[in-house]
Amino acid sequence: MTASETGSDDTDGRIFIGKGEQPAWLTLGLANRHGLVTGATGTGKTVSLQVMAEGFARAGVPVFAADIKGDLSGIAEVGEAKDFILKRAKAMGLAFQPDQFSTVFWDVFGEQGHPVRATVSEMGPLLLSRMLDLNDVQEGVLNVAFRVADDMGLPLVDMKDLRAMLDAIAPITAKVAENGDVNADIRQAAASLGNVTKQTVGTIQRQLLVLENQGGASFFGEPALQLKDFIRTDNHGRGLVNILVADKLMTNPRLYATFLLWMLSELFEELPELGDPDKPKLVFFFDEAHLLFNDAPKSLMDKIEQVVRLIRSKGVGVYFVTQNPVDVPDRVLAQLGNRVQHALRAFTPRDQKAVAAAAETFRPNPKLDTTKAITELGKGEALVSFLEGNGTPAMVERVMIRPPSARIGTITPEERAAIIKASPMKGRYDTAIDSESAYEKLRDRLDGTAAGAEAAPAEGGLFGQLGSLVSTVFGTNTPRGKLTTGQVVARNVARTVATTVVGGIAAQLGKKVGGAMGGSVGRSIVRGTLGGMLRR
C-alpha cells in the first residue's frame with residue numbers, strides 16, 4: 001500500500017488519522033459536527049490531537065488548541081525521524097516526511113505568547129459570575145451593575161471599571177446622603193432594577209480580589225482580542241495553528257474553562273451562517289473539557305448546549321479532549337459525532353462502569369469487543385469512529401494513530417521567542433491601552449471635573465449631548481453672541497449627527513467616549529447568548 005493510498009497527503013477532502021484493518025479517515029465536510037478525544041493520562045491523546053491539527057492545517061483550516069503541558073508546542077518545529085516514528089510509518093505504508101506548521105502562541109498573562117484580553121462588557125455577567133463563583137443573588141446584583149452601566153453609557157473595560165461600578169450602585173449610607181451624592185442617579189437606576197445590598201456588593205468585591213490575586217485581572221482590558229485573527233492562513237495556504245499557553249492558566253481551572261467558553265461563545269455570535277461547508281472555517285480543541293461542566297448551573301449548561309448545537313452551522317468544529325466520555329453531559333455528548341478513544345484502566349468497580357459507559361458511546365462492530373478493547377489498547381492505539389456518508393457514525397475500529405510530521409514534545413524558550421518575534425500578530429496586542437471608561441467617568445463625577453456635563457442632559461436630547469461633549473473637549477467659555485472654535489465645532493457636529501449614523505460619529509470621538517468601546521455609544525447595548533456584548 002503506497003503513501004498516497006493510505007492518505008498521508010490528506011487528499012480528497014479527508015484527513016488520514018490512522019490504520020487498523022482499514023485506514024481511518026476524518027472527512028473534512030463532516031468535521032464541523034464536532035468530536036471527542038478521550039483516554040487516560042499517558043495513552044496518546046496529545047499525539048492524536050497533534051495529528052488532527054496537522055491534518056486540518058494542511059487542508060487550509062485554522063486551528064485553536066489549549067496547550068496545558070507544553071507538549072503541543074512542537075507542532076511549530078520540524079519533526080525528527082526517530083526510530084519509533086519511522087517504524088510506525090513503515091507499518092502503515094507511509095514515507096515519513098518531516099514538516100512544521102505556522103504557529104501563533106497566545107497567553108492570557110502575556111509571558112509565553114501574545115496577550116489575550118477581553119473587556120468586562122464583552123465577557124458579560126453570566127460568564128463573569130461563573131468565573132467568580134457567585135451565587136444566584138450575587139449574580140443578580142452583577143446583572144444590575146451591567147444593566148445600569150449599559151443604560152448610562154459607562155463602558156466596563158477592565159477590573160477597576162467593574163469595581164467602580166459596583167461601588168456606584170451600592171446603597172447610599174446616611175453620612176453620604178447628608179453630604180450629597182454625585183452618583184445618586186446611578187443608585188436610583190440600580191434600585192429600580194432590584195434590591196442591591198451593601199453586603200452583596202462587598203462579597204462580589206472580595207471575589208474580584210481573589211481573581212486579581214490569581215492573575216485574572218490581566219485578562220480584562222484593551223486592545224481586546226479579535227477572534228478573526230484566529231481564522232487565518234499562512235503564505236502557503238495552510239491554516240494557522242493558534243496555541244493558547246495554558247500551564248499557568250490551569251492553576252485556576254474555573255478561569256481556564258470560563259475563558260475558553262467565552263471564546264466559543266464569541267465565535268458563535270460573530271461568525272455568519274455557512275450551513276454545511278466543504279471544510280470547517282475553524283477547528284477548536286477544548287482540552288480538559290470536564291472543567292467546563294463541573295458544577296455548572298443548569299442555566300449555563302443550557303447555554304453551552306445551545307452554542308455547541310448551533311455553532312457547527314457557523315463552520316466551527318469543536319473537539320472536546322478529556323479522560324472519559326462520561327465527563328461530558330449526555331446532551332452535549334450527543335452532538336459529538338467524531339470519536340477517538342484511547343485506553344482506559346479498569347482497576348476498580350467504578351472504573352469498570354466508566355469503561356462500559358465509554359464502550360456504549362460507539363456504534364458496535366460485530367468483529368470487536370469494544371469494552372475489552374478499551375482496556376487493552378497500547379500507547380498510540382485508539383478506537384476510532386468518524387462520521388461518514390450522510391453523517392452517520394462508522395462502526396468502531398481499532399487503529400494505530402499515524403505519527404505526526406512535526407516535532408513531538410516541547411520546544412525551547414529560545415525557539416518560542418523566535419516564533420513570537422516573527423509572528424504576524426507581533427505588535428497588535430502586546431501593548432495594553434487604558435482608555436477612558438467607567439472608572440474615569442465616575443472619578444470625574446467625584447472630582448467635579450465633569451459636573452456640568454453629568455448633572456443634566458444637554459438640550460436637544462442625544463444630539464445635544466454629543467455637541468456638549470465636543471464642546472467640553474474644545475472649550476466653550478466665551479460671552480454670548482460670539483462662538484469660539486470649540487463652539488463652532490460642537491454646533492457642526494450636532495448638525496452632522498442629524499444626517500449621519502450616530503454610532504459612526506461616536507466611534508470617531510475616540511478615547512473621550514471609551515476607546516474601542518466608543519462605537520457602542522448612541523445605540524442600545526445588545527447582549528448575546530451568554531451575556532457578552534455583541535460586536536457589530
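Ala149 sits in helix H5, residues 136-151; helices here are DSSP runs of H or I with at least four residues, strands are runs of E with at least two, and both are numbered from the N terminus. This is a predicted model, in which local features need pLDDT of at least 70 and side-chain atom pairs count only at pLDDT 80 or more, while totals for chains, interfaces and linings use all residues. Residues are numbered from 1 along each chain as its sequence is written, and side-chain values use heavy atoms, with hydrogens and water left out.

Is Ala149 buried or exposed? Ala149 is buried, at a relative accessible area of 2%. Buried means under 20% relative accessible area, exposed means over 50%, and partly exposed lies in between, with a 1.4 Å probe and protein chains only. Setting aside neighbours within four places in sequence, Ala149 has contacts with Leu154, Leu156 and Met165, a contact being heavy atoms within 4.5 Å. From Ala149 to Leu166 there are 17 residues in sequence and 9.9 Å in space, C-alpha to C-alpha.

Now the chain as a whole. It has 21 helices and 14 strands. Of its 536 residues, 52% count as buried. Take the contacts between residues at least 6 apart in sequence: 75% of them join residues at least 24 apart.

Next, the sheet. It is an open sheet of 12 strands with mixed pairing, in the order E2-E1-E14-E11-E10-E3-E9-E8-E4-E7-E5-E6. Two strands pair if DSSP finds at least two bridges between them. Which strands stand at the edges? They are E2 (23-27) and E6 (114-115), each with a single partner strand, so one side of each has no neighbour in the sheet.

Helix H10 packs on this sheet, where it touches E4 (63-67), E7 (241-245), E8 (282-287) and E9 (316-322). The direction of H10 makes about 160 degrees with that of E8; axes are lines fitted to C-alpha atoms, for helices over the stretch in contact, and angles run from 0 to 180 degrees between N-to-C directions. Because 15 of its 18 residues are buried, H10 is largely enclosed by the rest of the structure.

Back in the sheet, look at strand E10, residues 338-341. E10 pairs with E11 (residues 381-385) in the antiparallel sense over 3 bridges, and Val340 stands opposite Val384 in E11. E10 is also joined to E3 (residues 35-38) by 4 bridges, and these two run parallel. In that pair, Thr38 stands opposite Gln341 of E10. Both faces of E10 are covered, with Asn338 and Val340 buried on one side and Arg339 and Gln341 buried on the other.

Leu377 lies in the loop between helix H15 (370-376) and E11. With 4% relative accessibility, Leu377 counts as buried. Beyond neighbours within four places in sequence, its contacts include Gln341, His342, Ala382 and Arg398. Leu377 and His342 are 35 residues apart in sequence but 6.8 Å apart in space, C-alpha to C-alpha.

On a 1 Å grid over the protein atoms alone, a cavity is a set of points where a 1.4 Å probe fits but cannot get out; a pocket is an open set with protein on both sides within 12 Å along at least five of seven lines; lining residues have an atom within 4 Å of a point. Grid points are joined across faces, edges and corners, and a volume is the space filled by probe spheres set on the points.

The structure holds 2 cavities of 30 Å³ or more, and the largest cavity has about 40 Å³ of space. Which helix gives the most to its lining? H10 does, with 4 residues. Among the residues lining this cavity are Trp262, Glu266 and Gly528.

The second largest pocket has about 610 Å³ of space. Its lining has 31 residues, of which Gly44, Lys45, Thr46, Val47 and Lys69 lie nearest the centre. H2 gives the most to this lining, with 5 residues.
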